[in-house]
Amino acid sequence: MESNQILSLRTIPTDPEHVKVIQWEDFQHDLARLASLSSTLDESKEKKRNLHDKLESLIQVNVESVGQLNELEEMRQKLESKKVVMENMSIRYRLAKEDANKQEEQLSGAVQSLLVAGGALSVCSRNLQESSRFLYDENGYVHMRKLQKMLRRRQQHMISQISMLYPMKILVGPTQEQELEAYPSSSVAGTSAGLKPVNQGSLTIHGLHLNVLIFRKLSFFTDKKETRESATALGYVAHAVSLVASYLQVPLRYPLRLCASHSYIIDNAPSTELTSEASSNANTNVKHVEFPLFLEGQDTTRAAYAVFLLNKDLEQLLNFTDAKSLGPRHVLANLRELLRIIQSSAFIDNLI
């Protein structure tokens with residue numbers, strides 16, 4: 001048998017120089033070892049295949065895990081952005097809450113003030129209703145009318161004292177023109193009660209004429225006595241106007257500073273042209289300027305403007321008695337008309 005084996009081995013076409021003769025025991029041993037190696041190789045291949053399948057599954061799982069991680073990262077970023085938005089909203093909510101609390105406090109104070117004001121208003125309303133009821137009551141209204149008439153009579157009496165203190169008379173006969181110019185016939189509608197203006201040259205106050213013409217044309221030949229008499233007459237008029245305004249409780253638009261024949265009238269808002277010269281010579285307050293009602297040592301323009309302002313005060317008092325001025329250049333006539341209206345019965349009857 002060994003010879004057959006040897007022959008079988010020799011029949012293999014190999015290089016005779018490299019032929020190796022193996023004993024049968026060694027061959028069996030090698031064959032067994034090869035069978036063992038073959039089975040081990042098969043097992044290794046099986047394990048390799050199993051490992052390959054596991055590795056594929058692990059790779060798939062890893063890929064899925066990476067995808068899930070990416071999704072989780074995106075979700076985390078979205079969560080962070082939402083968290084930032086929530087924080088901003090929380091800050092705005094806190095600020096809005098603080099503002100709401102402040103507004104609530106302010107509204108609470110305003111409500112308290114309104115409640116207090118409402119209470120005071122209700123009290124005033126009740127008092128007003130009681131006063132209205134008392135006023136519109138027959139006895140209350142009659143009592144008020146009586147008091148008003150008593151006040152008017154008292155004012156008439158005091159004005160009559162002024163007429164006695166500074167009597168105004170009309171001289172009979174031709175006299176020189178004492179005002180700036182005659183009252184124009186086209187302005188008769190401006191007189192009160194349809195009365196025609198009296199010739200200003202015929203009017204005197206306490207026996208003195210008022211020659212306002214010299215306030216416009218002052219020359220070297222002007223009579224000093226006439227100038228002093230006109231200044232004294234203007235002092236009388238200023239005093240009478242001041243007394244009438246105080247008795248009637250009328251604040252004069254142009255207040256007076258009484259100094260007899262050297263009186264002044266005050267203009268709280270004079271023009272720049274009239275105050276430029278005075279402010280350059282003395283420290284004069286532009287908002288409060290005094291203009292002289294006399295010519296002695298004074299500028300004729302300022303004195304003429306003072307007479308104009310005095311006539312404006314007379315016009316104000318005439319308007320208070322629902323009468324119109326006789327003209328801007330009729331000082332004595334306006335004063336005479338004012339005294340006449342106040343002492344008339346219409347002054348008492350024309351109550352509001």
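The expected span is 1.5 Å times one less than the number of residues in the helix. Helices (H or I, at least four residues) and strands (E, at least two) are DSSP runs numbered from the N terminus.

The model is predicted: local features need pLDDT of at least 70, side-chain atom pairs count only at pLDDT 80 or more, and totals for chains, interfaces and linings use all residues. Residues are numbered from 1 along each chain as its sequence is written, and side-chain values use heavy atoms, with hydrogens and water left out.

## Overall layout

The protein chain contains eight helices and five strands. Read from the N terminus, the order of elements is α-α-α-β-β-α-β-β-α-β-α-α-α. Of its 352 residues, 27% count as buried. Buried means under 20% relative accessible area, exposed means over 50%, and partly exposed lies in between (1.4 Å probe, protein chains only). Among contacts in the protein chain with a separation of 6 or more, 66% join residues 24 or more positions apart. Contact here means heavy atoms within 4.5 Å.

## Helix α7 and its two partners

In α7, 10 of the 12 residues are buried, so the helix is largely enclosed by the rest of the structure. The buried residues are Val331, Leu332, Ala333, Asn334, Leu335, Glu337, Leu338, Leu339, Ile341 and Ile342.

Two helices that pack against α7 are α6 and α4; the table gives the geometry of each pair. Axes are lines fitted to C-alpha atoms, for helices over the stretch in contact, and angles run from 0 to 180 degrees between N-to-C directions.

| Pair | Axis separation | Angle |
|---|---|---|
| α6 (residues 300-320) and α7 (residues 331-342) | 10 Å | about 20 degrees |
| α4 (residues 224-248) and α7 | within 11 Å | roughly 30 degrees |

The axes of α6 and α7 pack at about 20 degrees. That angle makes α6 roughly parallel to α7. Angles under 35 degrees count as roughly parallel, over 145 as roughly antiparallel, 65 to 115 as roughly perpendicular and the rest as oblique. The crossing of α6 and α7 is left-handed, a term used if the near helix is turned anticlockwise from the far one by less than a right angle, with clockwise being right-handed. On the α6 side the contact is made by Val307, Leu310, Asn311, Leu314, Leu317 and Leu318, and these meet Val331, Asn334, Leu335, Glu337, Leu338 and Ile341 in α7. By class, this contact has nine nonpolar, two polar and one charged residues. Ala, Val, Leu, Ile, Met, Phe, Trp, Tyr, Cys and Pro count as nonpolar, Asp, Glu, Lys and Arg as charged, and the others, Gly among them, as polar.

The axes of α4 and α7 cross at roughly 30 degrees. This makes α4 roughly parallel to α7, and the crossing is left-handed. From α4, the residues Val237, Ala240, Val244 and Leu248 meet Val331, Leu332, Leu335, Leu338, Leu339 and Ile342 of α7. The contact of α4 with α7 consists of 10 nonpolar, no polar and no charged residues.

An α-helix has 3.6 residues a turn, so residues three or four places apart point the same way.

## Helix α6 and Gln316

The 21 residues of α6 should span 30 Å at 1.5 Å a residue, and the end C-alpha atoms, 31 Å apart, agree with that. Gln316 belongs to α6 and counts as buried because its relative accessibility is 14%. Setting aside neighbours within four places in sequence, Gln316 is in contact with Val250, Pro251, Leu252 and Arg253. Gln316 and Leu252 are 64 residues apart in sequence, with a C-alpha to C-alpha distance of 7.6 Å.

## Loop residues

Most residues other than glycine have a negative phi. Asp322, which follows α6, has a positive phi near 60 degrees and is not a glycine. Asp322 sits in the loop between α6 and α7 and is exposed, with a relative accessible area of 73%. Gln249 also is not a glycine and has a positive phi of about 60 degrees. Gln249 lies in the loop between α4 and β3 (256-257), and its relative accessibility of 68% makes it exposed.

Leu210 is in the loop between β2 (203-205) and α4. Leu210 is buried, with a relative accessible area of 0%. Leu210 and Thr227 are 17 residues apart along the chain, and their C-alpha atoms are separated by 9.1 Å.
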